[in-house]
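Me: I have a chain open here and want to go through a few spots in it. Can you take my questions one at a time?

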Amino acid sequence: MRSLKLIIQREYLARVRNKTFIVMTFLSPVILVGMFALIAYLSMLNSSEQHIIGLHDETGLFLKEFQDDENLQYLNFSDKSLDEAKKIVRENEYYGLIHIPSADNNYDLTGEVEFFGEESPGLGTVQNIEKIISNKLQRNELIQRGIDVDQIDSAKTSVDVEIQNFSGETTSKMANYLRMFFGGAAGYLLMMFIIIYGNMVMRSVIEEKTNRIIEIIVSSVKPIQLMLGKVIGTSLAGITQFTVWVILGGILYTIAGFYFGVDLINAQPGQIEVEQLNVPEVNQLVADVLNLPILSLIIYFLIYFLGGYFLYSAIYASIGAAVDSETDTQQFMLPVIIPLMLGIYIGFFAVIENPHGTVSTIFSMIPLTSPIVMLMRIPFGVPWWEISLSILILLCTNTAVVWLAAKIYRVGILMYGKKASYKEIYKWLKY
């Protein structure tokens with residue numbers, strides 16, 4: 001036990017005292033926040049840029065439909081010929097020209113509207129043009145059929161479904177977005193942590209094996225103690241680095257928001273701004289956040305975080321022991337990366353759509369994917385017995401994988417000059 005403690009201490013101090021580790025610990029949050037600030041700033045500049053679009057409407061029906069806004073300004077060239085309108089738009093370097101030809105009926109226009117421009121317009125611009133023309137044509141068709149459009153407009157209603165469980169607790173659609181955010185962030189964070197620090201464990205083993213230091217170390221400690229010491233020591237260094245990232249990143253985020261006047265959240269497209277919500281919706285949003293089982297999420301995150309990390313780190317350590325250089329690891333990395341990527345894809349495409357479906361449930365039990373998939377499922381509410389069964393399977397698999405990895409590690413760290421194959425590694429398991 002004392003040997004294991006010394007190895008953990010050595011591995012931890014060797015990592016945190018490394019100049020590259022120290023530099024990247026403090027430099028990474030600066031780069032990341034700076035990148036997001038730059039993206040947000042460029043998005044704000046792009047959204048504030050105004051485009052001028054010419055309008056050549058031969059029908060005369062759509063001149064009042066295209067209204068100027070903050071980003072688009074429409075100029076009417078309907079009194080000129082199409083060639084003249086094109087020439088004016090091209091010479092003045094306008095964004096483009098919308099041409100609506102004359103037609104005998106509404107249906108003839110559906111495939112005849114054209115947009116001329118030096119560059120392809122944005123998808124949002126095209127969709128907006130299509131929506132304006134389609135709505136106008138639809139209203140004209142209804143009027144021609146003798147239907148009172150005003151009565152149809154006045155009859156339109158919107159339904160807001162109130163979501164409750166059988167115990168009477170009220171929630172909202174926003175709660176599902178919150179669960180998706182917490183689950184997705186936890187799963188993605190775990191995957192990135194495994195890949196980054198798992199590779200760090202593997203490189204550490206390869207370095208000591210290449211330098212022949214390992215021959216001296218194994219004369220004093222058992223190989224399994226050495227392997228566990230590397231995994232635990234590296235994980236503690238990783239947690240230290242991640243903690244610094246969170247604290248420093250939060251400080252830099254606040255500085256970037258207040259000092260530079262850049263909103264890193266609302267500047268991103270597709271985000272819902274809190275200002276657009278009314279008071280009851282804001283109150284419900286706050287209630288949804290408070291109703292989330294934050295303590296349970298943290299506890300389960302730590303359990304699956306440690307379980308998943310130790311499982312994959314043992315595999316990474318065994319791979320490092322089986323090869324002589326980092327180049328030789330490529331043949332063994334694919335079986336490690338595939339379950340991680342599969343867990344992420346299952347999480348984002350299956351769990352979010354149906355968190356209690358068959359696919360989500362099965363992959364939350366498979367130990368190679370359960371740390372990611374179950375973390376994404378838990379915010380949606382998972383029966384305690386499913387979580388317990390998943391954790392039990394993960395712990396049992398951890399024990400088995402660490403035992404097998406230790407056998408590979410014991411033989412592999414003393415093997416030199418021979419490229420290991422899957423057949424060779426299988427033989428090591430029998431020693």
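Me: Threonine 125, buried or exposed?
Reply: Threonine 125 counts as buried, because its relative accessibility is 16% and the cut-off for buried is under 20%. Keep in mind that this is a predicted model.

Me: Which helix is threonine 125 in?
Reply: Threonine 125 lies in α4, the helix of residues 123-144.

Me: And what does threonine 125 touch, leaving aside its neighbours within four places in sequence?
Reply: With those neighbours left aside, threonine 125 is in contact with Ile53 and Tyr95.

Me: Back up a bit. How many helices and strands are in the chain?
Reply: The chain has 15 helices and six strands.

Me: What share of the residues count as buried?
Reply: 37% of the 431 residues of the chain count as buried.

Me: Now the helix pairs. At what angle do α10 and α11 pack?
Reply: The angle between α10 (residues 294-322) and α11 (residues 330-351) is about 170°, and their axes are 10 Å apart. Angles over 145 degrees count as roughly antiparallel, so α10 and α11 are roughly antiparallel to each other.

Me: Which residues make that contact?
Reply: On the α10 side they are Tyr312, Ile315, Tyr316 and Ile319. α11 contributes Phe332, Met333, Val336, Ile337, Pro339 and Leu340.

Me: How many residues apart in sequence are alanine 314 and valine 401?
Reply: Alanine 314 and valine 401 are 87 residues apart in sequence, with 7.1 Å between their C-alpha atoms in space.

Me: Next, α13. How many of its residues are buried?
Reply: Eight of the eight residues of α13 are buried, so the helix is mostly covered. They are Ser370, Pro371, Ile372, Val373, Met374, Leu375, Met376 and Arg377.

Me: How do α13 and α14 cross?
Reply: The axes of α13 (residues 370-377) and α14 (residues 384-412) cross at roughly 165° and come within 11 Å. That angle makes α13 roughly antiparallel to α14. The crossing of α13 and α14 is left-handed.

Me: Which residues meet there?
Reply: Ser370, Pro371, Met374 and Arg377 in α13 meet Glu386, Ile387, Ser390 and Leu394 in α14. By class, the contact of α13 with α14 has four nonpolar, two polar and two charged residues.

Me: Tell me about arginine 377. Buried or exposed?
Reply: Arginine 377 counts as buried, because its relative accessibility is 1%.

Me: What does the arginine 377 side chain make a polar contact with?
Reply: The side chain of arginine 377 makes a polar contact with the side chain of glutamate 386, at 3.0 Å. Leaving aside neighbours within four places in sequence, arginine 377 is in contact with Val351, Pro355, His356, Ser360, Thr361, Ser364, Val382 and Glu386. Arginine 377 and threonine 361 are 16 residues apart in sequence and 8.7 Å apart in space, C-alpha to C-alpha.

Me: Last one, glutamate 93. What is its phi?
Reply: Glutamate 93 has a positive phi of about 55°, although it is not a glycine. Glutamate 93 is found in the loop between α3 (82-91) and β3 (96-100). With 71% relative accessibility, glutamate 93 counts as exposed.

Note on methods. Residues numbered from 1 in each chain as written. Predicted model: local features only at pLDDT ≥ 70, side-chain atom pairs only at ≥ 80, totals over all residues. Heavy atoms only, no water. Axes fitted to C-alpha atoms, helices over the stretch in contact; angles between N-to-C directions. Helix = DSSP H or I, 4+ residues; strand = E, 2+ residues; numbered from the N terminus. Parallel < 35°, antiparallel > 145°, perpendicular 65-115°, else oblique. Left-handed = near helix turned anticlockwise from the far one by under 90°. Contact = heavy atoms within 4.5 Å. Nonpolar A, V, L, I, M, F, W, Y, C, P; charged D, E, K, R; others polar. Buried < 20%, exposed > 50% of the residue type's maximum accessible area, 1.4 Å probe, protein only. Polar contact = N/O pair within 3.5 Å; in protein donor to acceptor, adjacent residues only side chain to side chain.
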